[in-house]
Amino acid sequence: MSRISETFARLRSQGRKALIPFVTAGDPTQAATVPIMQSLVTAGADIIELGVPFSDPMADGPTIQRSSERALKNGTSLRNVLGFVSTFRQTDNSTPVVLMGYANPIEAMGYEAFTEAAASAGVDGVLVVDYPPEESEKLTMALRTKGIDSIFLLSPTSEESRIEGVGRLASGYVYYVSLKGVTGAANIDLSEVSGRLPMIRAHVNLPIGVGFGIRDGETARAIAGIADAVVIGSRLVQEIEASTPENVAANIGALVRSIRTAMDA
Amino acid sequence: MQMYDLPDRNGHFGPYGGVFVAETLIHALDELRTQYEKLRSDPAFIEEFEYELKHYVGRPSPVYHAKRLSQKCGGAQIWLKREDLNHTGAHKINNTMGQALVARHMGKKRIIAETGAGQHGVASATVAARYGMECVVYMGSEDVIRQSPNVYRMKLLGASVVPVESGSKTLKDALNEAMRDWVTNVEGTFYIIGTVAGPHPYPMMVRDFNSVVGRELLTQMPDVLGRQPDAILACVGGGSNAMGAFYPYIPHKEVRLIGVEAGGFGIATGKHAATLCAGKPGVLHGNRTYLMQDDNGQIIETHSISAGLDYPGVGPEHAWLKDTGRAEYVSVTDDEALEAFHAMCRLEGIIPALESSHAVAHAMKIARDMPKDKVLLVNLSGRGDKDMNTVAKHSGIEL
């Protein structure tokens, strides 16, 4: 069983839901990334989504765009990100790490070299924002041979036939994007989400994470009531933006802890 | 003649093209593809499009023998396809007119567009005004400065122009921002992409609408010359004017197809936008194609004196034509393009766009070494009024 499946199995037996924070690797500095990851785990994160910075983050709003720009400015590459995961694994062998990013840095490295490096670094899942299922078969197969899960997005506009297709390819969990728009936009529509989840569950036999528009303990708690995992990104990245490299790990930890507490209450 | 029927069902030209977007856009692209597949073979739609091209755009555009320019070069004869004479001054309106009609058929009331030089923005604002649709144009803040006359033209036409401050503040960033708008307002909004790039069906659709250029040439050249030209030259940024001219000629193997990219300060300096000449394949803006990128797969900033060519990607069909050898791709520098620009002004009384000046420059370069009975057809994709500030500044003149 993969680390991601084990994590969900354990949470299920405890009657709890997964909290999945997203941060961009290399933001605000390369040195800060591993301490931030460790702080996320201490504060109650179950899985970490680590953003691979890209020069043209087409599906992201201004907050994550800026974090990508900061990370690129200090030279963070996909190879560096894999290095952060290796370092993190030296002290944490149980928390799953999912890389989230865009296709081109992976294509530049090559599927084979990437999956090889990701497996030896200890990466558990990969989510490529601009690889819909139709274009991702080769990478998905390459990842599968290394035991790495392929995480896919579903959206409010995904038709039933596509949901079925994602159900066939995906492993680990699927990520339901709860609103139309880019990351960090507007607020979540709970009734829309709860209306869609039964149809997704009918076709996807995996845990379902919900993200986009989750900004505080209250919305996280509401989502935890209907989904298997809560993904929170832009709000954390805002916190990183407002912190200094010295206090960033502590600040992020405090914010995640407050969300965890609200979810478990 | 050999059959050429790309792209395939999923928008692939060999390994290039495709649909590389986040799940949130898939439904909108499916809807567009379904509608467009229907419309492209619907006689009523084609008739409507052709009527607008004739009466609103002013087609067909003439072909013209640039005799004095040819004489100066002393070799092959240079002919021009006068897309600069279209309404709004460039080939761009062929595509925006087509897409506006598709938008109307789909019941969309709001148009968004990205623009580099501003020609596509102006052409989008024009058709939006023509059909009473709201229009928002995204433009890199660098380009807003470089192309200020076009910004004012868009505003006169009732469009709002949104300066984009992210990334390199040029065309690629305007495209990112337009995509973000589309994903947010996907229901009532139609995104008019201005070049033969982006996710399927855009590369095919934009090519189809611009291929009126090549179709006209196929009959015009035999009429005036008694035969087809020996080569067709066109500048390539994203590559829409080139694709429009090349596409109908793909089966005519005797006609060389030459795409001219922006060599900026020279390929060796790294400051250029010659994607096919010096880039390598990757994924950006919804399609797989050649890209200007570093070893880590990050897109790098490009440079060209012409804003319309200043783009780190290129249409996927050009990538395919390059790999198969059906088309050749070369580059000319800023200085060579400027030289051609001035030659056209003085010798032919035509002020060409700096983009098109790249194609003229390469024609002048190769004409010299060719016999006088050879014919080079340059797609003069746009006029240069918009470039007055850039050219004057380059000559040390403040307007």
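Which residue does Arg162(A) form a salt bridge with, and how far apart are the closest N and O atoms?

Modeller: Its partner is Glu23(B), with 2.9 Å between the closest N and O atoms. Bear in mind that this is a predicted model, where local features need pLDDT of at least 70 and side-chain atom pairs pLDDT 80 or more, while totals for chains, interfaces and linings use all residues. Residues count from 1 along each chain as written, chains are lettered from A and ligands numbered from 1 in written order, and side-chain values use heavy atoms, without hydrogens or water.

That pair belongs to a set of three salt bridges found across the interface of chain B and chain A (Lys or Arg side-chain nitrogen within 4 Å of an Asp or Glu carboxyl oxygen). Zooming out, 35 residues of chain B touch 36 residues of chain A, going by heavy atoms within 4.5 Å. Together the two chains bury about 2,800 Å², with 51% of that on carbon and sulfur atoms (accessible area lost on being put together, 1.4 Å probe, summed over both).

As for who supplies the chain B surface, β2 (16-20), α1 (23-39), α8 (171-184), β11 (280-284) and β12 (286-291) each give two or more residues (DSSP runs numbered from the N terminus, helices H or I of at least four residues, strands E of at least two). The largest share, eight residues, comes from α8(B). By type, the chain B side splits into twelve nonpolar, 15 polar and eight charged residues.

Arg82(B) is buried at 12% relative accessible area (buried is under 20%, exposed over 50%, partly exposed in between; 1.4 Å probe, protein chains only). The side chain of Arg82(B) makes a polar contact of 2.8 Å with that of Asp84(B). Beyond four places in sequence, Arg82(B) is in contact with Ser61(B), Pro62(B), Tyr64(B), Ile350(B) and Leu380(B).

Conventions: Ala, Val, Leu, Ile, Met, Phe, Trp, Tyr, Cys and Pro count as nonpolar, Asp, Glu, Lys and Arg as charged, and the others, Gly among them, as polar. A polar contact is a pair of N or O atoms within 3.5 Å; within protein, one must be able to donate a hydrogen and the other to accept it, and residues adjacent in sequence count only if both atoms are side-chain atoms.
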